[in-house]
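The following paragraphs lead the reader through a structure, beginning with a single side chain and moving on to a helix and a sheet.

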Amino acid sequence: MVIMTATSPHTFEPVLARIAEEIGRTPGRGRPADYIPALAARDPRSFGMAVAEPDGTVYGVGDWHEPFSTQSITKVFTLALDLAREGDQLWEHVGREPSGNPFNSLIQLEYENGIPRNPFINAGALVVTDRLQTRTGDAAGELLGFLRAESGNPDLDFDKDVAASETAHGDRNAALAHFMASYGNIDNPVPVLLDQYFRQCSLTASCADLALATGFLARHGIRADGTRLLTQSQAKQVNAVMLTCGTYDAAGDFAYRVGLPGKSGVGGGIIAVVPGRCTLCVWGPGLDERGNSVAGVAALDRFTTLTGLSVF
């Protein structure tokens, strides 16, 4: 076993190589999301993983430069961008508790008067995108500019085909938005909000891009250029909500196995944070029944075991 101490010089390359070799021998990688054609076509045997240190040094293995559909991973960045603008006022409109229900569930909204349980289920992400839209006039554009800057990749962009597919299958999200609007918890016209939200979720990026873009959470709120996006307390808040709510209704199992703040997307990606040490992104298109990457969760489990890096 490779154990990294806080003082030992290291690179992550041997650890990543070992993980990739182990994942390559693992049978059963799950199934890609089948309700979006661009996702259903991905090979479930694909695998990539990247680790970025706070200074921007990045290591990777496998398909770590292969772009994929980020989907719900972007919810972390819109949350940070809005939280930076309005602070604790945001939490009057969305909660911070695990949902225990599927990410697109309508059930809790009626019980809880149109206030979503957390910002990472679809209802909560719609609220956050709505509030960022009110403050910027272009929530998706604000997100794109931020991710291009933090990743250092000016070619990041939205996938129009994925956005169109999301729109064509967007009835449940439209229902969520209209239901919350009836409680006064949505500011913008629902069609405008949905267009912004589907564009946001269609963003395509690689493991390298996302590991670098997440670095501000390892740097306690400091962006790649040295400016501050979030206070140290706000960065802690985002990491805490990722740990408890970031992997749909499997967050407890993810915390048990991996022990890191993380956020998954049905495109097969997962980002994770070791505060003060590094950020990670892993991609494997095959999903389990809860919508999380089978290979991704296994790889992050092995990473924390092999390195000893965890928040616990």
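**A side chain, a helix and a sheet**

In this predicted model, a polar atom of the Q234 side chain lies 3.4 Å from the backbone oxygen of L83. The side chain of Q234 also reaches the backbone nitrogen of T231, at 3.0 Å. Q234 belongs to helix 12, which comprises residues 232-245. With a relative accessible area of 12%, Q234 falls under the 20% limit and is therefore buried. Leaving aside residues up to four places away in sequence, Q234 touches L83 and G87.

Attention now turns to helix 1. Which residues of helix 1 are buried? They are V15, L16, I19, A20, E22 and I23. Because these residues cover an arc of only 165 degrees around the axis, they lie on the same side of helix 1. The buried residues of helix 1 pack against strand 1 (48-52), strand 2 (58-62) and helix 14 (294-307).

Three strands, in the order 3-5-4, form an open sheet with antiparallel pairing. Strand 3 (68-69) and strand 4 (157-158) each have a single partner strand and stand at the edges, so one side of each is without a neighbour in the sheet. Strand 3 and strand 5 (residues 203-205) run antiparallel and are joined by 2 bridges. The bridge partner of S69 in strand 5 is T204.

Methods:
Residues are numbered from 1 along each chain as its sequence is written. This is a predicted model: local features need pLDDT of at least 70, side-chain atom pairs count only at pLDDT 80 or more; totals for chains, interfaces and linings use all residues. Side-chain values use heavy atoms; hydrogens and water are left out. Buried means under 20% relative accessible area, exposed over 50%, partly exposed in between (1.4 Å probe, protein chains only). Helices (H or I, at least four residues) and strands (E, at least two) are DSSP runs, numbered from the N terminus. The arc is that of the directions from the helix axis to the C-beta atoms. Contact means heavy atoms within 4.5 Å. Two strands pair if DSSP finds at least two bridges between them. A polar contact is a pair of N or O atoms within 3.5 Å; within protein, one must be able to donate a hydrogen and the other to accept it, and residues adjacent in sequence count only if both atoms are side-chain atoms.
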